[in-house]
Amino acid sequence: MYRGRFAPSPTGPLHAGSIFAALASYLDARAQHGVWLVRIEDLDPPRESKEAAADILRTLEALGLTWDEQVIYQSQRAAAYEEALARLDARKLLYACNCSRQKLSSAGTVYPGWCRDHHIVRGSATALRCQVGDASISFIDRLQGEYSQQLGRDIGDFIVHRRDGLFAYQLAVVVDDAWQGITDVVRGIDLLDSTPRQIYLQGQLGYPVPRYAHVPIIINAEGQKLGKQQYARPIERTQPGQVLFRTLQALRQHPVADLATASTDEMLAWAIANWKPQNLAGIRDLPEFEGSASPAV
């Protein structure tokens, strides 16, 4: 059975870009009579708001995007991540890294393996990196087509446990997708570059590889990904029908005009029955749209 998920980080309220990804994920699951889950990826306390997780859930509920099982919080999953690290360590894939941010910035985007053979003792001032060797990863994305990386050349050994003691996204998302039995991941194309690392970890940990579909990101007038750092406006929960209608338009689903005044249940029923993810194929970004009651741009 299809099992999908929406996994926001609670760093602020949902905005038009995050609802774009959430609705795509929801419709893809429902159109295939699947299960849709919500996971709160609260692994970075310094960046998170205590109220944001509850606000995210209230917004999803207001839009009629109801989930099927208990909401999972990554902050409660530390034991599972430690167990995964132990399994990687048993395969001799991990090493401690004490490179400073200044030193790392001098290396550019690919880590050159400075600490790989230094046998540094894991401690409070070290990160843990996963060795990739000459691994090459290639997969077919449902929307973006074939995507490949030679991990050693394109990424380098990557961090799975941060020097501040927090678990890295790449590890946590892989562990939780496997634990929740996720078969299909629908998310923004800004995470496409992370997928080969996740597939690599899935292979090393003996996990199944989900199907991936990376939808376009929403960009503002300056060409930046719409997000909280760009002061994206929160979703207006008091006008859920208008939010859904505009988001369906942005998703290129071409909702019929009569839906503009329909209830959220009616709108979602139409969208599920008429879901065409292929309308987003090959598109990497789309201009900002109004996910609120304001006039569409």
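Reader: What order do the strands take in the open sheet of three strands?
Author: Heads-up, this is a predicted model: local features need pLDDT of at least 70, side-chain atom pairs count only at pLDDT 80 or more, and totals for chains, interfaces and linings use all residues. Residues are numbered from 1 along each chain as its sequence is written, and side-chain values use heavy atoms, without hydrogens or water. Strands (DSSP E runs of at least two residues; helices are H or I runs of at least four, both numbered from the N terminus) pair here in antiparallel fashion, pairing meaning at least two DSSP bridges. The order is β4-β5-β8.

Reader: Which strands form the edges?
Author: An edge strand in this sheet pairs on one side only.

Reader: Which residue in β8 is the bridge partner of Cys-130?
Author: Strand β5 covers residues 127-130, and three bridges join β5 to β8, the two running antiparallel. In β8, Cys-130 is bridged to Phe-158.

Reader: How many residues apart in sequence are the parts tied together by Phe-158 and Tyr-200?
Author: The structure holds seven aromatic pairs (ring centres within 6.5 Å, using the six-membered ring of Trp; planes under 30 degrees apart are stacked, over 60 edge-to-face, the rest tilted). Phe-158 and Tyr-200 make an edge-to-face one, at 6.5 Å centre to centre with 75° between the planes. Phe-158 lies in strand β8 (residues 158-161) and Tyr-200 in helix α7 (residues 195-205), so the parts they tie together are separated in sequence by 42 residues.

Reader: Which helix holds the salt-bridge partner of Arg-77?
Author: There are 19 salt bridges in the structure (a Lys or Arg side-chain nitrogen within 4 Å of an Asp or Glu carboxyl oxygen). Arg-77 meets Asp-176 at 2.8 Å, N to O. Arg-77 is in the loop between β3 (72-73) and α3, and its partner is 99 residues away in sequence, in helix α6.

Reader: Where does Glu-82, the partner of Arg-122, lie?
Author: The closest N and O atoms of this salt bridge are 4.0 Å apart. Arg-122, partly exposed at 44% relative accessibility, sits in the loop between α4 (101-107) and β5.

Reader: What is the relative accessible area of Asp-55?
Author: Asp-55 pairs with Arg-58 in a salt bridge, 3.8 Å between the closest N and O atoms. They sit three residues apart in helix α2 (residues 52-62), about one turn. Arg-58 is partly exposed at 41%, while Asp-55 is buried at 17%.

Notes
Buried means under 20% relative accessible area, exposed over 50%, partly exposed in between (1.4 Å probe, protein chains only).
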